[in-house]
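Please examine the structure shown here together with its sequence. The report after it is meant for a careful reading alongside the coordinates.

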Amino acid sequence: RLRDSGTSALIHRCKYGGDPKCIKILGRWMARRWPPPPSESVLTPVPIHWKRRLQRGYNQAQLFADGMAEDWGVDVDTGALIRVQYGKSLTGSSRQGRGEALKQTYGFDHKVLSDQRPVILVDDVLTTGSTLRACRDILEKQGRKVVGAAVLAMA
């Protein structure tokens, strides 16, 4: 939980401190403590907007998924979901505010060949669940089956 100041500082360092190796190591750490998902499933990280990726240099959810995938021996699918709106961080927003802001934030990249493997969504921090619900809804509208989620921390 992020209420622990040590956890909060670590997540902040990984997400904003320019330390992409940190989040991938945490993905491997997580994978060693949890049983692997079914081998036919795929990890799908929550995407960030391309402008945010340029600023930060990486997508922390993707690196977290990459770390878990290495230990679990499963694939990471970074092509299905896209973030179509660039916006400010939703940190500190209410559940209702997040839900409204995220309704038009994510989309499905129709240029990518459809992959029908079951999906496990991956994000770094779970606050209200609005982001995961929005991503699940997008994938399920495209016929994908979302079977779970993996998050590093809860706010």
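Predicted model: local features only at pLDDT ≥ 70, side-chain atom pairs only at ≥ 80, totals over all residues.

## Overall architecture

The chain is built from six helices and six strands, and, read from the N terminus on, these elements follow the order α-α-β-α-α-β-β-α-β-β-α-β. Of its 155 residues, 43% count as buried, while the accessible surface of the chain comes to about 8600 Å², with 52% of that area belonging to carbon and sulfur atoms.

Among the contacts in the chain with a separation of 6 or more, 78% are accounted for by residues 24 or more positions apart.

## Helix α6

Helix α6 spans residues 130-141, and its 12 residues reach 17 Å from the first C-alpha to the last, which is close to the 16 Å expected at 1.5 Å a residue. Its buried residues are S130, T131, L132, A134, C135, I138 and L139. Just after α6, the backbone at G143 takes a positive phi of about 90°.

## D77 in its loop

D77 is placed in the loop between β2, residues 75-76, and β3, residues 81-83. Because its relative accessibility is 11%, and buried means under 20%, D77 counts as buried.

When residues up to four places away in sequence are not counted, D77 touches V42, L43, T44, P45, D115 and R144. With R144, the side chain of D77 also forms a polar contact of 3.4 Å, joining it to the side chain of that residue.

Note on methods. Residues numbered from 1 in each chain as written. Heavy atoms only, no water. Helix = DSSP H or I, 4+ residues; strand = E, 2+ residues; numbered from the N terminus. Buried < 20%, exposed > 50% of the residue type's maximum accessible area, 1.4 Å probe, protein only. Contact = heavy atoms within 4.5 Å. Areas by Shrake-Rupley, 256 points an atom, 1.4 Å probe, with all protein chains shown as cover. Expected span 1.5 Å × (residues − 1). Polar contact = N/O pair within 3.5 Å; in protein donor to acceptor, adjacent residues only side chain to side chain.
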